[in-house]
Amino acid sequence: VIPLPAAWQSMGDSQSVMQTLLCSALSAPFHSWQLLAYVRRLRTRLDALQPDIVHSNGMKAHLIGAWSKPADTRLIWHVHDYVGRRRLGRRLLRAVSSRATAAVAVSRSVAADLQRSLPRLRVVTVANFVDARHFCPGEAAGVLLDEQAGLLPAATDVVRLGLVATYA
């Protein structure tokens with residue numbers, strides 16, 4: 001594990017574009033060296049591992065993967081986000097998209113957006129899913145779920161919905 005420098009962990013373009021650009025412009029001179037050092041460390045590690053494929057998840061990881069991967073290593077982007085809605089991210093990904101072999105989109109909607117944004121990139125849709133038969137806690141687990149969520153036990157006719165996700 002090579003942790004991303006703390007200053008770059010929270011940096012992204014999911015905020016307003018102007019706020020992102022302003023924050024990036026103000027902080028870049030102070031934090032660029034950290035990112036460059038991180039990319040160098042990751043590239044050294046990848047050179048030593050000699051992987052066939054680098055599989056990245058998330059906008060920053062796609063960029064860092066493109067900058068870090070060895071020349072003969074394939075890069076697969078696992079795309080969860082609508083790239084077209086992110087001006088800065090879309091432009092940065094477009095600039096390095098020739099280094100990616102393909103992208104896996106988590107839905108047809110994300111795939112269509114990605115194809116519009118990066119038309120030369122090969123995009124394949126592989127939907128995220130959970131095998132509900134295997135991971136279903138069953139009726140008896142309702143009280144346990146309520147406890148885990150810090151709720152008072154609900155009536156037996158309550159429907160409980162869960163979502164495993166990252167909110168940006």
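This briefing walks through the fold of one protein, from its overall layout to single residues. The model is predicted. The protein has seven helices and four strands. The strands form an open sheet with parallel pairing, and the largest nonpolar core has 28 residues.

**Overall layout**

- Starting at the N terminus, the elements follow the order α-α-β-α-β-α-β-α-β-α-α.
- The protein has 168 residues, and 33% of them count as buried.
- Take the contacts in the protein with a separation of 6 or more: 53% of them join residues 24 or more positions apart.
- The accessible surface is about 11,800 Å². Carbon and sulfur atoms hold 59% of that surface.

**The sheet**

- The four strands of the open sheet have the order β1-β2-β3-β4.
- Two of these strands sit at the edges: β1 (53-57) and β4 (123-125). Each of them pairs on one side only.
- From one strand to the next, the twist averages 25°.
- In general, strands of a sheet pair through backbone hydrogen bonds, and the pairing can be parallel or antiparallel.
- Here, β1 pairs with strand β2 (residues 74-79) in the parallel sense, over five bridges.
- His55 stands opposite Ile76 in β2, and Asn57 stands opposite His78 in β2.
- Strand β2 is mostly covered, with five of its six residues buried.

**Helices on the sheet**

- Helix α3 (residues 59-68) lies across β1 and β2. It runs at about 175° to β2.
- Helix α5 (residues 108-117) also packs on the sheet, where it touches β2, β3 (102-105) and β4. The direction of α5 makes about 170° with that of β4.

**Two sides of helix α4**

- Which residues of α4 are buried? They are Gly89, Arg90, Leu93 and Val96.
- These residues lie on the same side of α4 because they cover an arc of only 140° around the axis.
- The cover over the buried residues of α4 includes α3, β2 and α5.
- The face turned away from the buried side carries the exposed residues Arg91 and Ala95.

**Two sides of helix α5**

- In α5, the buried residues are Val110, Ala111, Asp113, Leu114 and Ser117.
- They cover an arc of only 165° around the axis, so they fall on the same side of α5.
- They pack against β2, α4, β3 and β4.
- Arg108 and Arg116 are exposed on the other side of α5.

**The nonpolar core**

- In soluble globular proteins, nonpolar side chains tend to be buried together.
- The largest nonpolar core of this protein has 28 residues. Trp77, Leu114 and Leu121 have the most contacts inside this core.
- The elements that give two or more residues to the core are α2 (17-49), α3, β2, α4 (87-96), β3 and α5.
- Helix α2 gives the most, with five residues.
- What does Leu121 touch, leaving aside its neighbours within four places in sequence? Leu121 is in contact with Trp77, Ser97, Ala100, Ala102, Ala103, Leu114 and Gln115.

**Two residues to look at**

- Leu75 has its place in strand β2. Is Leu75 buried or exposed? Leu75 counts as buried because its relative accessibility is 0%, and the cut-off for buried is under 20%.
- Leaving aside neighbours within four places in sequence, the contacts of Leu75 include Val54, Ser56, His62, Gly65 and Ala66. Lys69, Arg99, Ala100, Thr101 and Ala102 are also in contact with Leu75.
- Leu75 and His62 are 13 residues apart along the chain. Their C-alpha atoms are separated by 8.6 Å.
- Where does Gln50 lie? Gln50 is in the loop between α2 and β1.
- Gln50 is not a glycine, yet it has a positive phi of about 50°.
- Gln50 counts as exposed because its relative accessible area is 64%, and the cut-off for exposed is over 50%.

Notes
Residues are numbered from 1 along each chain as its sequence is written. This is a predicted model: local features need pLDDT of at least 70, side-chain atom pairs count only at pLDDT 80 or more; totals for chains, interfaces and linings use all residues. Side-chain values use heavy atoms; hydrogens and water are left out. Buried means under 20% relative accessible area, exposed over 50%, partly exposed in between (1.4 Å probe, protein chains only). Contact means heavy atoms within 4.5 Å. Accessible areas come from the Shrake-Rupley method with a 1.4 Å probe; for residues, only the protein chains shown count as cover. Two strands pair if DSSP finds at least two bridges between them. Axes are lines fitted to C-alpha atoms, for helices over the stretch in contact, and angles run from 0 to 180 degrees between N-to-C directions. A nonpolar core is a set of buried Ala, Val, Leu, Ile, Met, Phe, Trp, Tyr and Cys residues joined through side-chain atoms within 4.5 Å. The arc is that of the directions from the helix axis to the C-beta atoms.
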